[in-house]
Amino acid sequence: MTQPACYPISEAFAARARIGRDDYQRDYAQSVSEPEAFWGRIAQRLEWFRAPTRIKDTSFALEDFRIRWYEDGELNASVNCVDRHLATRGDKTALLFEPDSPDAPSQRISYRQLHERVCKLANALRALGVRKGDRVTIYLPMIPEAAVSMLACARIGAIHNVVFGGFAPNSIADRVADSTSKLVITADEGLRGGRKVPLKANVDAALKLPGTDSVETVLVVRHTGAAVEMQMPRDRWFDAVVNDQPAQCEPERMNAEDPLFLLYTSGSTGKPKGVLHTTGGYLVYASYTHEAVFDLREDDVYWCTADVGWVTGHSYIVYGPLANGATALMFEGVPNHPDVSRFWQIVDKHQVTIFYTAPTAIRALMRDGDEPVRRTSRRSLRLLGTVGEPINPEAWRWYYEVVGDSRCPIVDTWWQTETGGILISPLAGAIDLKPGSATKPFFGVQPALVDAGGNVLEGEAEGNLVLLDSWPGQMRTVYGDHQRFIDTYFKTYPGTYFTGDGCRRDADGYYWITGRVDDVINVSGHRIGTAEVESALVSHPKVAEAAVVGFPHDLKGQGIYAYVTLIAGEANSDALRRDLIAHVRSEIGPIATPDHLQWAPGLPKTRSGKIMRRILRKIAESGSSELAPEQLGDTSTLADPSVVESLVNERLRR
Ligand code: ATP
Ligand code: MG
């Protein structure tokens, strides 16, 4: 049976949506023809100490390079995320905390309580000598203190650098050293799926490594209550330093272009980069995209399952939702603990209305079938979202039909750490959905496709995705290495920002991300996107997940090498291998026929759940020769190194 390729706008949804079809057309046209008028108007959604009059001053031309938004404006991000709501939403829940164990009580933190906690910590940080412009590393589990810490830094103008709580000492040390942080905020332990994560011990180990001498103080949140070694006078208990502080704290007046935070990318393609975001443009962009893309309403219970250690957690758990006065759920645990219904149980428990997650989580849950989902209600849901990787149409349909009961539109949001917020996504009241497509650009965003020579391609085309002009949420520099910023993003196709992603635009002007450009495979002169072949494999009923890479091939230039994970309970066999290869052939065409297919009990992923194809490429390229670990490149962001080992060992038996 053929599946619909297009899901028209839901009339029920559109009837109440903030942005309708005509609004989108009209506002998009204005946003690109008169960006100053458009973004000047949108900036009024924030509270400024001094309203900006100079809205946009940007140029991607190398000889004249600059990115400045709202440059004469002054504001404070924590005031916008907290103080501003006290008059109208003081008792509204800002953060709804759901702990790792379903038996532990959830917590509601009102805007008033959040204000007090942020002010107290901000005062404590000042008392510990942290000043405007100093860097603070935050290495915490998904607990309210993570958001409180970010906002407290923002209040005093310190630049936060959140490091995902799943990272090991080496990765913490790299990020502390690169940012020369003065203070680290951590917890005794984290909890994930009932397992304890020794956060404080990891920080201790990290701070023994070279380059970390800048750290003067370590604040330790008591979370599990485990006994940890406190090293005096460096280490201080968080509650002890915070408790005696006044509940009011004068916010720092920040220029719009003053740094707000620093965050390292997830490392899918190489060594992570220290991405720097500034205050005004970032906050305008995070809050506006959050309201528009998620069609936010006052009574929504909004849940983004990302970790605050990733940009999604920054923009769409903390800054966007709180700047909008929303109720944001923070979940400490994992989707499969105590069982694979956990996400949906939480949706029912807190009557979540908007749910935003990653394709990797959807594919993992799909492996366990429909029943764990069907046994929950999910009636409260009205909108679903995804981010992080291309979503295979198969996974999209499962998400739509099973999780959303064919009732909730899905926003497939394409963006990057570097972009600060969503750049390409449906607006569910305005744009028909096509599974696997991020659809259309957000206001002010001007995507274009270029060929290898940098020529802009018109109409239906496939090429490298670039952006022709700036948007307020754009990163401003690679921390400590402005030249690397220019070289990485603006030199490949001069005059444009190069995303590193490949993309196809269809006859309706819809954008389809085909994967990283580095991952595109060239078979006998035909460019084949990894996402397309992977989607064909995943559409086979026995396949849960697949990753495809190129390898040198005598005749074709490059051949196709596929790694396949089967759904729970399916056994591999040579017959199934032949069947899968034939399946891809019939879905896409003979040109996409995989030359090799290796069974993969697991795939190498970043800690944020993205497939690291560069490692799979190394394995595929190595053929039958030896493969030393150092030949695999930077593996520090790998979630589970043992997966790679087994793929290396198994490769000869493919
Ligand atoms: P690094 O830059 O260090 O290699 P990374 O690119 O994985 O790491 P992120 O900024 O977290 O770091 O991820 C952005 C990338 O994720 C995008 O460039 C794109 O490849 C992919 N991506 C994100 N959302 C989507 C989406 N909705 N559809 C397709 N791809 C997506
Ligand atoms: Mg990237």
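Where does Pro338 lie? Select Pro338: this residue is in the loop between strand 17 and helix 13. Helices here are DSSP runs of H or I with at least four residues, strands are runs of E with at least two, and both are numbered from the N terminus.

Before going on, note that this is a predicted model, in which local features need pLDDT of at least 70, side-chain atom pairs count only at pLDDT 80 or more, and totals for chains, interfaces and linings use all residues. Residues are numbered from 1 along each chain as its sequence is written, chains are lettered from A and ligands numbered from 1 in the order in which they are written, and side-chain values use heavy atoms, with hydrogens and water left out.

**Stop 1**

The peptide bond joining His337 and Pro338 is cis, with omega about -5 degrees. Asn336 is in the loop between strand 17 (327-331) and helix 13 (342-350).

**Stop 2: other backbone features**

Select Met232 and Pro233. The peptide bond from Met232 to Pro233 is cis, and its omega is near 0 degrees. Pro233 belongs to the loop between strand 11 (217-221) and strand 12 (235-237).

Then go to Asp405, a residue other than glycine with a positive phi, near 50 degrees. Asp405 sits in the loop between helix 16 (393-403) and strand 20.

**Stop 3: ligand 1**

Select ligand 1 and show the residues around it. There are 21 of them, and the closest are Ser268, Thr269, Thr417, Arg516 and Lys610; a residue counts as near if one of its heavy atoms lies within 4 Å of the molecule. The shell is made up of five nonpolar, nine polar and seven charged residues. In this count Ala, Val, Leu, Ile, Met, Phe, Trp, Tyr, Cys and Pro are nonpolar, Asp, Glu, Lys and Arg are charged, and the others, Gly among them, are polar.

Colour by domain, with bounds from an automatic or database domain assignment. Ligand 1 lies between domain 1 (1-74 + 409-516) and domain 2 (76-277 + 291-300 + 309-334), because both give residues to its shell.

Now look at polar contacts, here pairs of N or O atoms within 3.5 Å. A polar side-chain atom of Lys610 is 2.6 Å from an oxygen atom of ligand 1. An N or O atom in the side chain of Asp412 lies 2.7 Å from a nitrogen atom of the ligand. Pro390 has a backbone N or O atom 3.3 Å from a nitrogen atom of ligand 1. Taken alone, ligand 1 exposes 640 Å², of which the protein buries 94%; areas are by the Shrake-Rupley method with a 1.4 Å probe.

**Stop 4: annotated positions**

An unreviewed UniProt entry gives the feature "binding site" at positions including Gly388, Pro390, Asp412, Gln416, Thr417, Arg516 and Arg527. Such annotations may be inferred rather than shown by experiment. Gln416 is in the loop between strand 20 (410-412) and strand 21 (447-450).

The UniProt annotation "binding site" (unreviewed entry) also covers Val538, His540 and Val543. Finish at His540, in the loop between helix 18 (530-538) and strand 29 (543-553).

Notes:
Polar contact = N/O pair within 3.5 Å; in protein donor to acceptor, adjacent residues only side chain to side chain.
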